[in-house]
Amino acid sequence: VDWKRVMFPASGSGPGVAGSALKGFKGMHHKPPNYPYPYVVGVDGAGEVESVGGRVTGLKAGDRVMFHSSLTNAHGGSLCEYAVMEESVAVPIPADGARPFSYEEAAAIPCATWTAYVALFDKLRIEPGRSIFVDGASGAVGSCAVQLAHHMGLYVFASCSPSNADYVRSIGADQVLNYHDGIEMVDQILDATEGYGVDYYLAVTNTQDAES
């Protein structure tokens, strides 16, 4: 194992199902890897650390971790029994709370959460006390964005289908809109804010709404 890398079995873990590129930000899609086949695909995974390289300091054998591998990694992705990756992309699975995360649950976290994090903190540079509209809030990336924005102290407008409205409220949305209303959601937000609107807009599902 290379000194920078960690190897652990990923068998039994479910790959995270999430869009890895936010619509509305261009140039974020991975190019196909230029490696000979067979090539292991897959992005998210979780498992127990089997062994570490000599200069790995933050992880040890036996640690339960989740990871977000790169599709351009010469060692392949996550859909395999054993995965090899950089230490920097493996994160310990939280052990506190009412019950520990299963590997299946943990494997669904990295891609969606890090995508939302980059959008909010690197691209939009959100600040506490402001407001945001998360358009498409019930999916993987959108639901992570709602929780992160709420945790940062923003007032969160969010759109989703009526069947998911209670769920989106439960994770931190202050006001939930029916995404079937389309462009009418803009008027609803303007009415709710007395014409001010919002400070940030994150389009997870439909860039046409953002352009409007």
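Asp166 is exposed, with a relative accessible area of 60%, where exposed means over 50%, buried means under 20% and partly exposed lies in between (1.4 Å probe, protein chains only). Its partner in a salt bridge is Arg169, with the closest N and O atoms 3.1 Å apart; a salt bridge here is a side-chain nitrogen of Lys or Arg within 4 Å of a carboxyl oxygen of Asp or Glu. Because Arg169 and Asp166 are three residues apart in helix H4, about one helical turn separates them, and Arg169 counts as partly exposed at 43% relative accessibility. Helices (H or I, at least four residues) and strands (E, at least two) are DSSP runs, numbered from the N terminus.

This is a predicted model, in which local features need pLDDT of at least 70 and side-chain atom pairs count only at pLDDT 80 or more, while totals for chains, interfaces and linings use all residues. Residues are numbered from 1 along each chain as its sequence is written, and side-chain values use heavy atoms, with hydrogens and water left out.

## Other salt bridges

The count comes to four salt bridges. One of them joins Asp199 to Arg130, with the closest N and O atoms 3.9 Å apart; this pair links distant parts of the chain, since Asp199 is in the loop between H5 and E10 and Arg130 is in the loop between H2 and E7, 69 residues apart. Salt bridges that share partners join Glu127, Arg130 and Asp199 into one network.

Lys60 forms a salt bridge with Asp63, the closest N and O atoms being 3.0 Å apart. Lys60 counts as exposed at 52% relative accessibility, whereas Asp63 is buried at 17% and is placed in the loop between strand E3 (51-52) and strand E4 (64-68).

## Nonpolar cores

A nonpolar core is a set of buried Ala, Val, Leu, Ile, Met, Phe, Trp, Tyr and Cys residues joined through side-chain atoms within 4.5 Å. The largest has 25 residues, and those with the most contacts inside it are Ile132, Val134, Val146 and Val156. Helix H3 (140-151) is among the elements that give two or more residues to this core, and H3 gives the most, with five residues. A second, separate core of eight residues includes Val49, Val65, Phe67 and Met85.

## A position between strand and helix

Ile183 lies in the loop between strand E9 (175-178) and helix H5 (184-192), and at 45% relative accessibility Ile183 counts as partly exposed.
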